[in-house]
Amino acid sequence: MVNQDVYDELLEKFGAHYGVAPTVVSYAPGRIEVLGNHTDYNEGYVFSAAIDYGTFFAVRPNDLGKNRIVAGDLMHEVTFPLTGATPVKEDTWANYVIGTVAGLAALKPQTRGFDAMFLGNIPLGSGLSSSAALEMCTAKALCALWEIEADAVTLAKIGQRAEHDYAGCSCGLLDQISSLCGAQGKLVKTDFRTLKVETVDLGPTVCFLMCNPHAKHALVDGQYNSRRQACEEAAAYFAKVLPHPVTALRDVSWAEWEAHKAGLDPTVAARAAHPIGEDERVLEGATLLEKGDLEGFGRLLNASHKSSQVYFENSHPEIDRVVAIAQATPGVLGARISGGGFGGSAVVLVRADQAEAARAAIAEGYKAQTGKPCDVAQITPSQGATVVFRAE
Ligand code: GLA
């Protein structure tokens, strides 16, 4: 099993804390966003992958009339009621669990409480979606415990609602879908209008590096939400000026943006350019992958990063630095910011036979320029969320 050491530690801590063993344990991975930045809530396209870092969630029913959840790294416990739980102000990690529980209990109300604990190894605030992993391992475990049959889209939407209503981030569905639908060695390609998910083989000649320079990541502090608002404002404008229906920026081509951008506030026009360009890059990328043109695919990652810098302004100086170092490193085919932005991590597509040398060169290059460490790790696209243990 992937991350067996984390699983073993969780079971030990669960037993020590609650005095009994869990009846269900689930696992959900984090994700990398490979191409298609801020396109999900614009009903566009994304290439992503579930990663080999994730979170386990262990649970058993109790007869206390309330739910208890422990963060296994902090060993802090939060208690919340079976119904009507509101967001907590301290130990705010619990809100991802509380919000997901609220969504599942709406599908099937519960009369018994549970005792749970989670533990994972996704670096927090790194842009690898530790929060979606927590939501999705909560959902997988409780679906098993409560005998709820729900498909991936239903669970992803429950996680998204938890983010919106309990954590204050108006995110799309990318992180949850990626965590649920990942497959070993594959990219996940999602159409966020139809919610059709496909997996795409990248082949053995390339792999990914994640570079985390520990730059501030502030998804929840309003920048993400303000970008989303600008995209919605632009979509409403294009719906008025274009002759065909526009319900989201997905419906606007680059040529239409060029032709009509002058009617928009310049900042809003710049924000809209990013997801519009990203959609075209994902579609072009799909064609390139079919032809086996990995160099061309890598160049699209570089173009995506440039668009984040110029139009969306959701990069960060330290991410720009590591992206520039990576792009100049032998064996690297492309590099860009991954995820919401304003910090987080950079994703690097690299030739597999040069990955280790590139990993060391990027870390050393960053250290030489800044005197600070940048964590650079090889990432293996991995399977999505699943139940890993169920008592007979
Ligand atoms: C965050 C959000 C996703 C998506 C990405 C940007 O990860 O949670 O829904 O919008 O940013 O592509």
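Predicted model: local features only at pLDDT ≥ 70, side-chain atom pairs only at ≥ 80, totals over all residues.
**α2 against α4**

On the α2 side I listed Asn95, Tyr96, Ile98, Gly99, Thr100, Ala102, Gly103, Leu104 and Leu107. Their partners in α4 are Thr154, Leu155, Ile158, Ala162, Glu163, Tyr166 and Ala167. Sorted by class, the α2–α4 contact comes to 10 nonpolar, 5 polar and 1 charged residues.

Next I looked up the geometry. α2 covers residues 94–107 and α4 covers residues 152–167. Their axes sit 8 Å apart, and the packing angle is about 130°. Because oblique takes in what falls between 115 and 145 degrees, α2 counts as oblique to α4. I also noted the hand of the crossing: α2 and α4 cross right-handed.

**α4 against α5**

I stayed with α4 and turned to its packing on α5, which is residues 174–181. Here I get an angle of about 140°, with the axes 8 Å apart. That makes α4 oblique to α5. α4 passes α5 in a right-handed crossing.

From α4, the contact uses Ala152, Val153, Leu155, Ala156, Gly159, Gln160 and Glu163. From α5, I wrote down Gln176, Ile177, Leu180 and Cys181. The class tally for α4 with α5 is 7 nonpolar, 3 polar and 1 charged residues.

Going back over my α4 lists, I found Leu155 and Glu163 in the contact with α2 and again in the contact with α5.

**α8 against α9**

For α8, I listed Ala270, Arg271, Ala273, His274, Pro275, Glu278, Arg281, Glu284, Gly285, Leu288 and Leu289. They meet Leu294, Gly296, Phe297, Leu300, Ala303, Ser304, Ser307, Ser308, Tyr311 and Phe312 in α9. I have 11 nonpolar, 6 polar and 4 charged residues for this contact.

**The ligand**

Last, I checked what surrounds the ligand. There are 13 residues around it, and the closest are Glu33, His38, Asp40, Asp175 and Tyr224.

Which backbone atoms did I find by the oxygen atoms of the ligand? A polar backbone atom of histidine 38 is 2.7 Å from a ligand oxygen. For glycine 172, a backbone N or O atom lies 2.9 Å from an oxygen of the ligand. For glycine 340, I noted 3.1 Å between a polar backbone atom and a ligand oxygen.

Methods: Residues numbered from 1 in each chain as written. Heavy atoms only, no water. Axes fitted to C-alpha atoms, helices over the stretch in contact; angles between N-to-C directions. Helix = DSSP H or I, 4+ residues; strand = E, 2+ residues; numbered from the N terminus. Parallel < 35°, antiparallel > 145°, perpendicular 65-115°, else oblique. Left-handed = near helix turned anticlockwise from the far one by under 90°. Contact = heavy atoms within 4.5 Å. Nonpolar A, V, L, I, M, F, W, Y, C, P; charged D, E, K, R; others polar. Near = heavy atom within 4 Å. Polar contact = N/O pair within 3.5 Å; in protein donor to acceptor, adjacent residues only side chain to side chain.
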